[in-house]
Amino acid sequence: MKPVLVVEDEVIMRESLRDWLSDEGYSVETAEHGEAALQAIGERDFSLLILDMKLPGKNGLEVLKEARTQNPKINGIIITAYPSIDTAVEAMKLGAIDYI
């Protein structure tokens, strides 16, 4: 199984997601911001990206767009505490499989 990449700037959320997914048997890597995520995506083949919407530098949608340019088969889930219909629609257009 290909690893999952969790991209979250808040330490407690990043570590919680990593631990929960690891406990379920997934191989998980983490990144604190978009540039680190894109570098990791260039180095490894991930099956899934879990992306916070609000990140320092590039936001989750920008990272998803660039990641899918590098690997069109990569799946993405956008997570946010600030949901909107506009960003949900944009996420789906960019290929996100879910918006939470």
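In the predicted model, T87 is buried, with a relative accessible area of 17%, where buried means under 20% relative accessible area, exposed over 50% and partly exposed in between, for a 1.4 Å probe and protein chains only. This residue has its place in helix 4, which spans residues 85–93; helices (H or I, at least four residues) and strands (E, at least two) are DSSP runs numbered from the N terminus. When neighbours within four places in sequence are left aside, T87 is in contact with M53, L61 and Y99, contact being defined as heavy atoms within 4.5 Å. With Y99, the side chain of T87 also makes a polar contact to the side chain, at 2.5 Å; a polar contact is a pair of N or O atoms within 3.5 Å, of which, within protein, one must be able to donate a hydrogen and the other to accept it, and residues adjacent in sequence count only if both atoms are side-chain atoms.

Because this is a predicted model, local features need pLDDT of at least 70 and side-chain atom pairs count only at pLDDT 80 or more, whereas totals for chains, interfaces and linings use all residues. Residues are numbered from 1 along each chain as its sequence is written, and side-chain values use heavy atoms, with hydrogens and water left out.

The largest nonpolar core contains 22 residues, of which L5, V7, I41, F46, L49, L51 and I78 touch the most other members; such a core is a set of buried Ala, Val, Leu, Ile, Met, Phe, Trp, Tyr and Cys residues joined through side-chain atoms within 4.5 Å. At least two residues of this core come from each of strand 1 (4–7), helix 2 (34–43), strand 3 (48–52), helix 3 (60–70) and strand 5 (96–99). A second, separate core of 9 residues includes L17, L48, I50 and I77.

The structure holds 5 salt bridges, each a side-chain nitrogen of Lys or Arg within 4 Å of a carboxyl oxygen of Asp or Glu. In one of them, D45 pairs with K2, the closest N and O atoms being 3.0 Å apart; since D45 lies in the loop between helix 2 and strand 3 and K2 in the segment before strand 1, the pair ties together parts that are 43 residues apart in sequence. D45 is partly exposed, at 38% relative accessible area, and K2 is partly exposed at 43%. A further salt bridge joins the side chains of K58 and E35 (3.6 Å, N to O), and ties the loop between strand 3 and helix 3 to helix 2, parts that are 23 residues apart in sequence. Through salt bridges that share partners, E35, K58 and E66 form one network.
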